[in-house]
Amino acid sequence: AAAALAAWPMWYEESLDGRLAPQGRRDMEQLARRMAARFPALFAARRRLALASSSKHRCLQSGAAFRRGLGPTLDFGGDEVEVEVNDSLMRFFDHCAKFVALVEENDAAMCQVNAFKEGPEMKKVQEKVASALCLPVEELNADLVQVAFLTCSYELAIKNVTSPWCSLFSEEDAKVLEYLNDLKQYWKRGYGYDINSRSSCILFQDIFQHLDKAVEESKSSKPISSPLIVQVGHAETLQPLLALMGYFKDDEPLLANNYARHAQRKFRSGRIVPYAANLVFVLYHCDHVNASQEEYQVQLLLNEKLLPFHHSNETISTYADLKDYYKDLLENCHFKEECELPKVNVTAVDEL
């Protein structure tokens with residue numbers, strides 16, 4: 001392993017930071033093609049495409065790649081679809097003072113992550129890696145081991161090669177390192193603290209405003225003004241939104257000391273928000289229905305697979321039932337109030 005790594009060419013450069021990899025562009029183009037094939041009426045020629053993105057380069061590039069994937073046959077206002085940069089929706093976490101102060105910039109909020117780094121599972125991985133590299137174990141720490149593991153996974157994902165870095169890890173080691181990453185996502189973007197998901201209600205409500213508008217226009221027999229809305233954000237945009245909606249919640253929180261009990265956990269960020277992750281709300285108008293509330297129905301797709309609804313465990317719901325289920329979030333989750341820092345000087349952990 002040491003010899004193979006000594007010969008390994010360091011290909012990663014500072015200039016690649018924050019940019020979309022060529023594989024990422026291909027992923028987005030192919031996603032667009034599959035979407036268009038799945039919903040041909042929505043992606044038909046001369047339908048209007050509304051495209052919003054975060055201000056980050058890779059998001060803007062992802063949006064452009066998605067547009068390119070739809071090809072020249074679709075007349076979405078020519079090749080240069082106007083991309084609306086909307087960080088207040090796509091990077092709501094940056095605009096939430098309570099999240100920034102109490103989670104993002106608060107070391108104490110990541111205490112479970114730090115405890116796992118020092119725990120027996122990570123120590124065992126560290127010892128194995130040190131032994132494979134003929135290094136004293138003191139020269140390694142959890143962060144360096146994680147960098148080696150990420151380098152292995154990046155080369156696989158971006159270049160489709162099995163990196164010599166991968167030879168340092170067994171499947172069991174990979175599961176430990178996956179749990180370390182899931183712990184971080186859980187406490188920073190998932191169920192760890194309420195503010196993680198509550199800060200996404202601005203995006204959740206925006207989605208329903210678009211759906212409401214489409215229903216309204218349909219009822220008054222107007223053409224749908226925005227039949228196709230694509231919003232490009234980050235894993236950190238999607239993970240809190242799915243937590244807000246109650247998806248992938250385990251009975252027991254993810255902690256530094258319950259790794260073994262979470263072998264079958266639902267909260268697996270690599271499956272929930274892989275590269276090119278996507279969540280799609282599909283609104284249907286149904287002509288032949290028995291009752292008027294069945295006229296508008298919804299499906300949810302996560303990473304192109306149907307996601308069952310919480311309230312019914314079915315993969316289709318009337319729009320009325322869905323709105324009723326999330327009534328409290330739609331009416332009582334106010335971004336400004338949720339994200340205000342508490343006036344009194346409480347310790348961060350008490351507040352969380």
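Biologist: What should I know about the model before we start?
Modeller: The model is predicted, so local features need pLDDT of at least 70 and side-chain atom pairs count only at pLDDT 80 or more, while totals for chains, interfaces and linings use all residues. Residues are numbered from 1 along each chain as its sequence is written, and side-chain values use heavy atoms, leaving out hydrogens and water.

Biologist: How many residues has helix 8, and how far does it reach?
Modeller: Helix 8 covers residues 142–159, which is 18 residues, and spans 25 Å from first C-alpha to last. That is close to the expected 26 Å, where the expected span is 1.5 Å times one less than the number of residues. Helices (H or I, at least four residues) and strands (E, at least two) are DSSP runs, numbered from the N terminus.

Biologist: Which of its residues are buried?
Modeller: In helix 8 they are A142, V145, Q146, A148, F149, T151, C152 and E155. Buried means under 20% relative accessible area, exposed over 50%, partly exposed in between (1.4 Å probe, protein chains only).

Biologist: And what do they pack against?
Modeller: Helix 6 (111–117), helix 7 (120–132) and helix 9 (171–188); contact means heavy atoms within 4.5 Å.

Biologist: What takes a positive phi just after helix 8?
Modeller: N160, at about 60 degrees.

Biologist: Switching to strand 1. Which way do its residues point?
Modeller: L49, L51 and S53 point one way, A50 and A52 the other, and all are buried.

Biologist: Which strands does it pair with?
Modeller: Strand 1 runs parallel to strand 3 (residues 228–232), joined by five bridges, with L49 partnered by L228. Strand 1 also pairs in the parallel sense with strand 2 (residues 83–85), over three bridges, and there A52 is partnered by E84. Two strands pair if DSSP finds at least two bridges between them.

Biologist: How many aromatic pairs are there?
Modeller: The whole structure has 17. Rings of Phe, Tyr and Trp (its six-membered ring) pair if their centres lie within 6.5 Å; planes under 30 degrees apart count as stacked, over 60 as edge-to-face and the rest as tilted. One of them is F204 with Y326, edge-to-face, at 5.2 Å centre to centre and 75 degrees between the planes.

Biologist: Why does that pair tie together parts of the chain?
Modeller: F204 is in helix 11 (residues 201–219) and Y326 in the loop between helix 14 (319–325) and helix 15 (327–332), so the parts tied together are 122 residues apart in sequence.

Biologist: Is F204 buried or exposed?
Modeller: Buried, because its relative accessibility is 0%.
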